[in-house]
Amino acid sequence: MSTTDFHSLWTAAAEPLGEIPTPEIEYVQLAPVLIVVGAAVLGVLVEAVVPRRARYHTQLFLSGVALACAFAAVVGLALSGHATTKAQISAMGAIAVDGPALFLQGTILLTSLVAVFTFAERRLDPAHHGHRVDSFAAEAAAVPGSDHEKAAVKAGFTTTEVFPLVLFAITGMLVFPAANDLLTLFIALEVFSLPLYLLCAVARRKRMMSQEAAVKYFLLGAFASAFLLFGIALLYGYAGSVSYARIADVVDGAVGTVDPALAATMSNDVLLLIGFAMVLMGLLFKVGAVPFHMWTPDVYQGAPTPVTGFMAAATKVAAFGAMLRLLYVVLPGLRWDWRPVMWGVAIVTMLAGAIVAITQTDIKRLLAYSSIAHAGFILAGVIAATPDGVSSTLFYLAAYSFVTVGAFAVVTLVRDAGGEATHLSKWAGLGRRSPLVAAVFAVFLLAFAGIPLTSGFSGKFAVFKAAAEGGAGVLVVVGVIASAIAAFFYIRVIVLMFFSEPHPEGPTVAVPSLLTTTAIGVGVAVTLVLGLAPQYFLDLAGQAGVFVR
């Protein structure tokens with residue numbers, strides 16, 4: 001190639017392409033996310049500059065205030081009409097500010113605020129060397145059982161880094177159901193997944209099991225993220241864009257101008273179907289649906305129990321929110337393609353979660369399989385493909401999240417010399433040893449079972465009613481059967497607590513501080529209020545059930 005040819009290439013590449021548009025960011029509409037991520041960054045600075053003895057109280061105060069302010073911002077946006085008439089696409093098309101997004105963000109923030117109280121609990125274990133300890137390792141970088149770890153315990157170190165980590169996770173969860181393009185969806189997924197991988201590995205007791213759980217979660221989560229990212233690439237090849245609205249237009253055949261570089265692949269249904277299937281696999285992994293559920297019992301059992309409660313509640317809310325937006329905004333034109341697949345996933349998830357839970361002997365694994373069954377119940381509302389399906393799913397997610405955090409908070413109270421006593425045999429006679437704690441746990445179990453006058457019954461009734469009206473009557477029948485199977489193992493635990501003789505050397509029930517007491521009290525209150533008077537909240541979910549596009 002001659003010098004002239006090189007010069008012609010250089011001058012062609014150097015030609016100006018026009019001015020780069022200035023980004024337009026609606027900071028008020030993004031306030032909930034910005035408050036939380038700002039607090040997370042401040043939390044990192046706290047770890048760097050605040051003396052060790054003051055970090056715990058500083059981090060707890062910062063996290064609590066940030067989550068409360070972010071929730072106030074969500075309420076302010078909803079009251080100003082952004083959930084209905086003023087719903088819009090913000091951040092240059094990346095974030096949707098509408099009813100479902102604000103409802104789910106509010107649920108995530110309230111659930112997370114309650115969960116943070118359990119993170120901060122420091123009165124359940126006896127003091128070590130005069131220092132109060134929490135559920136997390138004294139120094140996460142120390143090898144389990146090493147002299148380094150023993151020195152950290154003796155010095156009274158605490159892993160206060162969990163507070164900024166949980167704030168970063170909440171930031172990703174707030175963006176995930178509000179994402180309006182596929183790249184934002186993927187970034188939000190990684191932002192909340194990576195802190196969770198770390199949080200699962202920092203248990204104070206049974207550190208090897210905790211680290212094993214984190215490795216399993218990380219490896220399987222990496223595969224799920226890879227599938228989702230490959231699906232995004234295929235959908236981009238299909239539509240020539242990662243924007244939800246653009247993809248929906250191409251699916252509906254309403255596309256305008258076409259990029260010549262993508263003209264050969266656009267509207268190729270093979271790319272659409274395979275890409276959509278891969279993206280859906282990534283979301284089904286996060287909600288713990290069969291056959292992408294294998295990580296759930298091991299991770300729930302090995303992670304610190306406060307982290308398990310937070311992850312089981314908030315992650316499910318965020319992932320189902322993203323799934324609703326994907327199915328209802330991007331792919332309504334493919335309803336006859338995705339509904340049969342989701343039918344099969346929902347049926348297998350409900351039955352597998354309920355049946356396998358019967359065989360469990362560990363309370364955390366039992367609650368893990370319970371969460372898998374509940375993922376199937378929630379999918380019944382998603383499959384309805386109607387406005388009632390959206391509103392009933394939102395209500396179920398709100399009800400389920402508080403019950404879950406409360407139930408895992410109770411699990412932290414039942415302890416023996418080795419820490420939490422999670423084997424079911426050790427819960428025998430708990431109702432005689434500590435009637436109040438057993439009664440509270442029984443309320444949560446009855447809510448999981450869907451017994452009337454609890455939030456679980458209101459949520460199941462709403463999603464099953466929406467599914468039946470949406471033409472999924474068979475799914476409702478299977479759901480009722482799975483609920484009956486699930487009720488067996490919930491009631492079995494209640495019978496074990498109240499109608500069995502306590503072991504003389506059985507576990508004790510620790511007296512928690514005001515933090516865990518508040519978390520459990522809020523869980524019970526929400527469970528009863530949504531069970532006894534659900535209509536207001538069902539109406540609220542109905543008003544918030546319209547997506548902006």
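The structure before you is a predicted model, in which local features need pLDDT of at least 70 and side-chain atom pairs count only at pLDDT 80 or more, while totals for chains, interfaces and linings use all residues. Residues are numbered from 1 along each chain as its sequence is written, and side-chain values use heavy atoms, with hydrogens and water left out.

The residue is R123. Not counting residues up to four places away in sequence, R123 touches R132, V133, V511 and S513. R123 is found in the loop between α4 and α5 (147–155); here helices (H or I, at least four residues) and strands (E, at least two) are DSSP runs, numbered from the N terminus. R123 counts as exposed, at 52% relative accessibility. On this scale, buried means under 20% relative accessible area, exposed over 50%, and partly exposed in between, with a 1.4 Å probe and protein chains only. The C-alpha atoms of R123 and V74 are separated by 33 Å, the two residues being 49 apart along the chain.

A541 is found in helix α21 (residues 535–543) and counts as buried, at 0% relative accessibility. Which residues does A541 contact, leaving aside its neighbours within four places in sequence? They are F103, S391, L394 and F395.

I turn to helix packing. Two packed helices are described by the angle between their axes and the distance between the axes. The axes are lines fitted to C-alpha atoms, for helices over the stretch in contact, and angles run from 0 to 180 degrees between N-to-C directions.

Consider helix α3 (residues 52–79) and helix α4 (residues 99–119), whose axes come within 9 Å and cross at roughly 160 degrees. That makes α3 roughly antiparallel to α4; angles under 35 degrees count as roughly parallel, over 145 as roughly antiparallel, 65 to 115 as roughly perpendicular and the rest as oblique. The crossing of α3 and α4 is left-handed, a term used if the near helix is turned anticlockwise from the far one by less than a right angle, with right-handed used if clockwise. Among the residues making the contact are L60, G64, L67 and F71 of α3, and L102, G106, L109 and L113 of α4.

The second pair is helix α18 (residues 455–469) and helix α19 (residues 473–498), packed at an angle of about 155 degrees with axes 7 Å apart. Accordingly, α18 is roughly antiparallel to α19. Their crossing is left-handed. From α18, the residues K460, F464, A467 and A468 meet G473, V476, G479, V480 and S483 of α19.

Next, the aromatic residues. How many aromatic pairs does a search of the whole structure find? It finds 18. Rings of Phe, Tyr and Trp (its six-membered ring) pair if their centres lie within 6.5 Å; planes under 30 degrees apart count as stacked, over 60 as edge-to-face and the rest as tilted. W427 and F441 form a tilted pair, 5.0 Å centre to centre with 40 degrees between the planes. W427 lies in the loop between β4 (419–420) and α16 (430–433), and F441 in helix α17 (residues 435–449), so the pair ties together parts 14 residues apart in sequence. Both W427 and F441 are buried.

Y536 and F537 form an edge-to-face pair, 5.2 Å centre to centre with 85 degrees between the planes. Y536 counts as exposed at 57% relative accessibility, and F537 as partly exposed at 29%. One aromatic cluster is formed by Y197, Y217, F218, F285, W295, Y300 and F408.

A ring also takes part in an arrangement with a charge. The charged end of R122 sits over the ring of Y56, 4.0 Å from its centre; the criterion is NZ of Lys or CZ of Arg within 6 Å of the ring centre and within 35 degrees of the ring normal.

Finally, the backbone. The peptide bond from V290 to P291 is cis, with omega near 10 degrees, and P291 is found in the loop between α10 (269–287) and α11 (295–302). K206, which is not a glycine, has a positive phi of about 50 degrees and lies in the loop between α7 (182–199) and α8 (207–239). L453, in the loop between α17 and α18, likewise has a positive phi, near 75 degrees.

Notes
Contact = heavy atoms within 4.5 Å.
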